[in-house]
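Please consult the sequence and the 3D structure shown here.

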Amino acid sequence: MEKNSLLIDDEKLLKENGFNDHFHEHHHDEDPYQSNFFSKYVFSMDHKMIAKQFLITGMFWAVIGAAMSVIFRMQLGFPEESMTWIKPLLGKWIVVDSAGVGHLATEFYYALVTMHGTIIVFFVLTAGLSGTFSNLLIPLQIGARDMASPLLNMLSYWFFFLAGVIMFLSLFASTGPASGGWVAYPPLSVLPQASSGSGVGMTLWLVSLTFFVVSVLLGGINYITTVLNLRTKGMSMWRMPLTVWSFFITAIIGLLSFPVLVSGFLLLMADRSLGTSFYLSEIFINGQALDNVGGSPILYQHLFWFLGHPEVYIIILPAMGISSEVLSTHSRKPIFGYKAMVISIASIAFLSFLVWAHHMFMSGMNPFISNFFVIFTLIIAVPSAVKVFNWISTLYGGSIRLNTAMLYAIGFVSMFISGGLTGIYLGNSAIDIQMHDTYFVVAHFHIVMGVAAFFGMFAGIYHWFPKMYGRFMNETLGKLHFWGTMIGAYLIFWPMHYLGLAGVPRRYYSFDVFDTFSQFQSLNAFITVVAICTFFLQIVFIANFFHSIFFGKKVTSKNPWKSNTLEWTTPIMPGHGNWPGNIPTVHRWPYDYSKDGFDYIPQIQPPLEGETTESH
Amino acid sequence: MATVHKDRIDYRNKIHPHKLALWVALGSILMMFVALTSAYVVKRAAGNWLDFDLPKIFYYNTFVILLSSVFLQMSYKGFLKGKEYVYKYMLVAAFIMGLAFVVLQYKGWLALHSIGIELSGNPSGSFIYVISGFHALHVLGGIVALILALVFAFKLPYKPTYRRKNRFELVLHYWHFIGFLWVYLLLFLFTQ
Ligand code: HEM
Ligand SMILES: [Cu+2]
């Protein structure tokens with residue numbers, strides 16, 4: 001079909017159909033939000049600046065978190081090699097023996113694994129992903145001037161920052177940072193006698209994450225209120241882009257699940273410092289009996305995973321929303337099954353509260369209760385599969401632009417399929433008895449959550465970079481970054497399935513006492529080498545990102561991707577309030593691509609002559 | 001299309017965004033307590049549990065916090081109807097009852113202590129301390145909000161503007177929520 005380009009004069013549309021909310025009358029000469037350096041770049045209340053703050057802080061943490069994994073991978077891949085060369089950085093955590101061979105201290109290995117998980121899950125994939133894109137896109141895509149409460153929004157970022165500072169300081173504690181795993185199970189996490197990381201490191205970990213939850217809640221309250229209250233005229237819920245839907249539902253899950261984690265932490269803190277025994281009972285340690293009786297460590301696991309499982313969807317839903325938007329825009333086709341997509345997001349969100357105990361099949365929980373969780377866990381695969389089907393159908397027959405954003409969105413779908421399938425294995429309690437706490441689980445969640453969410457984030461960054469900085473990122477470097485990361489990620493995590501099937505347990509410092517596992521030494525070395533290469537490949541991304549901020553190709557038109565959503569009707573570098581004059585009004589859903597012979601019809605375009613809208 | 005604008009977001013405000021934000025936040029607070037009470041149920045089912053009767057003072061105290069809610073509601077009605085004295089002095093009454101609630105909760109903890117239930121004893125007792133203590137913390141937050149409301153009431157000239165009504169409603173809703181949260185917690189502990 002020959003596609004015409006509708007001649008869209010969005011200036012004219014905004015003027016004639018836009019809605020005058022008298023916004024600019026309030027801010028006469030001087031914009032109070034951006035009047036000096038501090039209020040513009042540091043304590044900014046502008047959602048676009050806060051989005052950038054979340055993004056760059058998230059990138060900082062991503063580098064730290066990934067670097068930690070490189071260090072513990074060296075231990076796993078090359079346990080015999082000396083690590084003395086890294087002693088200047090790690091100090092006493094490298095123990096040098098009489099022969100001059102340096103090894104990673106065992107406690108520090110656990111600390112690294114713990115910090116890696118905590119940092120990537122919370123600081124990078126929750127704050128860095130959802131914080132960045134919810135802030136950037138919610139107001140822009142629903143036609144709002146800013147968030148419902150710019151002040152709370154700013155506080156949300158600064159609580160995240162504070163959480164980060166505390167976590168960072170904990171890395172320098174003389175007893176080491178928390179080292180009981182990112183899940184911080186008691187009794188290990190309660191008793192400093194049990195592990196040096198359970199001392200001050202654990203205290204700082206708890207304080208930091210409590211501030212982090214405050215940040216998530218403040219952000220979430222804002223996202224929900226903004227979506228419900230500040231949509232522009234014509235922007236009904238069923239006309240919202242899938243990005244906004246996913247951020248909205250993510251915020252709801254966060255508000256329902258993070259408070260439960262706080263309660264779990266509250267009891268943990270009481271056990272640590274007030275002498276209560278919520279999680280402790282009849283413990284012998286260093287030959288001494290503690291007088292704590294009556295508690296149950298399983299209780300913590302319930303509270304933790306009631307957050308923990310929804311948390312994995314808090315991470316993946318924004319990536320899903322971003323990928324849906326990118327896939328549709330760059331295949332010039334409406335998203336396949338828009339309503340089914342929304343309903344799937346909502347049902348995944350609902351079901352995510354009913355499956356938490358699939359992380360606890362081996363905790364000694366009643367096996368009949370396990371049945372309930374097996375069933376709901378398997379049901380959650382249904383809406384997940386619906387989404388996958390719709391993404392593939394969206395691609396099918398499209399006029400695909402294979403740019404970096406699109407590649408990452410496709411990569412996201414690939415990763416989500418590969419990792420989702422192994423989830424179905426794990427969801428069967430009978431199989432999980434064998435697989436639990438092996439590298440099979442590590443492979444599962446790194447592919448489905450870690451890599452997939454990173455890919456969604458990269459897709460978002462490459463796609464919306466022009467909106468954030470008024471310039472493009474370099475495409476050649478972008479593609480190099482994509483293919484290298486894609487291949488690297490599969491080479492790192494795919495082999496872990498085999499390790500797991502053979503029973504290799506996760507979180508072990510070394511396997512030298514298990515003869516059966518020595519056959520995997522070369523595989524482990526291979527994984528480590530690829531991990532190091534993939535880590536250093538990210539320099540390409542970071543260099544591309546920062547170089548393009550200042551020297552990238554300039555964006556010359558408002559709508560470089562010929563996209564339908566409202567953010568592309570703002571000026572190339574929107575100021576405070578996003579639209580200089582009227583705010584746009586909306587006349588259609590966001591996915592009118594290749595419709596009635598037109599390549600794209602933006603949401604601000606009123607019905608054309610003889611056109612039927614809302615046919616989806 | 002709106003012709004008068006009270007503030008920049010008036011064109012869609014079925015509910016004022018700050019109020020909606022408060023309700024959403026109350027949902028989160030509720031989830032914290034739902035988690036604690038669920039933990040209570042799970043722990044009790046796991047055994048090694050010590051049963052005892054809750055000191056009576058916790059029951060009496062329920063009236064104190066509910067009465068405080070009633071006073072605040074009357075103050076709000078006075079504010080709307082232009083009865084400045086009702087507005088101001090009912091606000092004071094609500095504040096005093098709020099303080100009394102916290103003091104009486106403290107007495108409740110002392111009463112627990114006197115029947116040998118310690119914070120660091122069997123979790124059945126620790127739960128009471130932690131749940132009521134965490135609730136009291138939220139009451140203290142409400143008291144801070146009441147102090148702000150008092151400052152507004154006594155320092156500013158009386159003027160029932162849209163903004164002040166809205167601000168008052170935020171305090172009002174939070175305070176009612178805290179009161180009913182206590183009723184929920186007490187009924188929960190009573191029926192368990
Ligand atoms: C098709 C749907 C899925 C099913 C049926 C499923 C099932 C499971 C099961 C049963 C486990 C526990 C394994 C064990 O510890 O023995 C698990 C672990 C995990 N899953 Fe999934 N999963 C699914 C999708 C996802 C998604 C979409 C994410 C994240 C975006 C995710 C993230 C995780 C994480 C982080 C863990 C490990 C947590 C830990 O122990 O540290 N899963 N999954
Ligand atoms: Cu799960």
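The sections below cover the basis of the model, the ligand shell and one residue of the second chain.

## Basis of the model

This is a predicted model, in which local features need pLDDT of at least 70, side-chain atom pairs count only at pLDDT 80 or more, and totals for chains, interfaces and linings use all residues. Residues are numbered from 1 along each chain as its sequence is written, chains are lettered from A and ligands numbered from 1 in the order in which they are written, and side-chain values use heavy atoms, with hydrogens and water left out.

## The shell around ligand 1

Ligand 1 is surrounded by 23 residues, of which W182(A), D432(A), H436(A), H444(A) and R506(A) are the closest; a residue belongs here if one of its heavy atoms lies within 4 Å. By class, the shell comprises 13 nonpolar, 8 polar and 2 charged residues. Nonpolar covers Ala, Val, Leu, Ile, Met, Phe, Trp, Tyr, Cys and Pro, charged covers Asp, Glu, Lys and Arg, and the others, Gly among them, count as polar.

An N or O atom in the side chain of W182(A) is 2.9 Å from an oxygen atom of ligand 1. Two or more shell residues come from each of α10 (297–330), α14 (404–427) and α16 (439–469) of chain A, helices being DSSP runs (H or I, at least four residues) numbered from the N terminus. The most, 6 residues, come from α14(A).

## K81 of chain B

K81(B) belongs to helix α2 (residues 56–81) of chain B. K81(B) has a relative accessible area of 59% and is therefore exposed (over 50%, 1.4 Å probe, protein chains only). From E169(B), K81(B) is separated by 88 residues in sequence and by 15 Å in space, C-alpha to C-alpha.

Conventions:
Buried < 20%, exposed > 50% of the residue type's maximum accessible area, 1.4 Å probe, protein only. Polar contact = N/O pair within 3.5 Å; in protein donor to acceptor, adjacent residues only side chain to side chain.
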